[in-house]
Amino acid sequence: RIDFKKSDVFKFTPNEKFDIIISNLVFHNFGKMRFEAYSRLSSWTHAGTFVAMGDLFFRPKTDIAHLTKAFKIMREIKPKRGFGQYALLVMSKE
């Protein structure tokens with residue numbers, strides 16, 4: 001069973017945890033509020049959840065530091081050309 005959710009990250013409160021979360025080009029739009037959004041994302045997960053997040057990371061070291069507090073980063077994929085600040089992170093909740 002697959003359920004798609006579209007909601008305000010800062011207001012969304014799911015009834016249950018997710019097994020997988022896919023996000024593309026969302027979090028960079030939040031500016032400094034993205035760190036709170038990362039925490040909220042983490043609260044929607046349980047051990048064994050996978051998160052695939054593709055985004056523009058303008059301060060990659062800072063973003064990765066925040067994300068590694070909540071997730072294990074299994075793979076970081078960067079494009080070979082263009083969009084130098086884009087990366088796809090495949091993460092898991094342990």
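Student: Helices (H or I, at least four residues) and strands (E, at least two) are DSSP runs, numbered from the N terminus, so where is the place of Asn24?

Tutor: Asn24 has its place in strand S1. This is a predicted model, in which local features need pLDDT of at least 70 and side-chain atom pairs count only at pLDDT 80 or more, while totals for chains, interfaces and linings use all residues. Residues are numbered from 1 along each chain as its sequence is written, and side-chain values use heavy atoms, with hydrogens and water left out.

Student: Okay, and is Asn24 buried, exposed or partly exposed?

Tutor: Asn24 counts as partly exposed, because its relative accessibility is 45%; buried means under 20% relative accessible area, exposed means over 50%, and partly exposed lies in between (1.4 Å probe, protein chains only).

Student: What does Asn24 touch?

Tutor: If you leave out residues up to four places away in sequence, Asn24 touches Gly54 and Tyr86, where contact means heavy atoms within 4.5 Å. For Gly82, which is 58 residues from Asn24 along the chain, the C-alpha atoms are separated by 17 Å.

Student: What's with the phi of Leu25?

Tutor: Leu25 has a phi near 55 degrees, which is a positive value in a residue other than glycine. As background, most residues other than glycine have a negative phi. Leu25 lies in the loop between S1 and H1, and at 38% relative accessibility Leu25 counts as partly exposed.

Student: Switching to rings, how many aromatic pairs are there?

Tutor: The structure holds 6 aromatic pairs. One of them joins Phe12 and Phe18, with ring centres 6.2 Å apart and planes at 25 degrees, so this pair is stacked. Rings of Phe, Tyr and Trp (its six-membered ring) pair if their centres lie within 6.5 Å, and planes under 30 degrees apart count as stacked, over 60 as edge-to-face and the rest as tilted.

Student: And how does Phe12 pair with Trp44?

Tutor: Phe12 and Trp44 form an edge-to-face pair, with 5.2 Å from centre to centre and 85 degrees between the planes. This pair links distant parts of the chain, since Phe12 is in the segment before strand S1 (18–24) and Trp44 is in the loop between helix H1 (34–43) and strand S2 (45–56), 32 residues apart.

Student: Which residues do ring pairs link into a cluster?

Tutor: The cluster is made of Phe10, Phe27, Phe30, Phe35 and Tyr38.

Student: What lies over the face of Phe71?

Tutor: That is Lys93, at 5.6 Å from the ring centre; a charge sits over a ring if NZ of Lys or CZ of Arg is within 6 Å of the ring centre and within 35 degrees of the ring normal.

Student: New topic: at what angle do H1 and H2 pack?

Tutor: H1 and helix H2 (residues 60–70) pack at about 20 degrees, with their axes 10 Å apart. That makes H1 roughly parallel to H2, because angles under 35 degrees count as roughly parallel, over 145 as roughly antiparallel, 65 to 115 as roughly perpendicular and the rest as oblique. The axes are lines fitted to C-alpha atoms, for helices over the stretch in contact, and angles run from 0 to 180 degrees between N-to-C directions.

Student: Which residues meet there?

Tutor: From H1 there are Arg34, Phe35, Tyr38 and Ser42, and they meet Thr62, Asp63, His66, Leu67 and Ala70 in H2. Arg34 counts as buried, because its relative accessibility is 12%, and, leaving aside neighbours within four places in sequence, Arg34 is in contact with Phe27, Arg59 and Asp63.

Student: Last one: where is Phe57, and what does Phe57 touch?

Tutor: Phe57 has its place in the loop between S2 and H2, and Phe57 is buried with a relative accessible area of 6%. Not counting residues up to four places away in sequence, Phe57 touches Tyr38, Asp63, Leu67, Gln85, Ala87 and Leu89.
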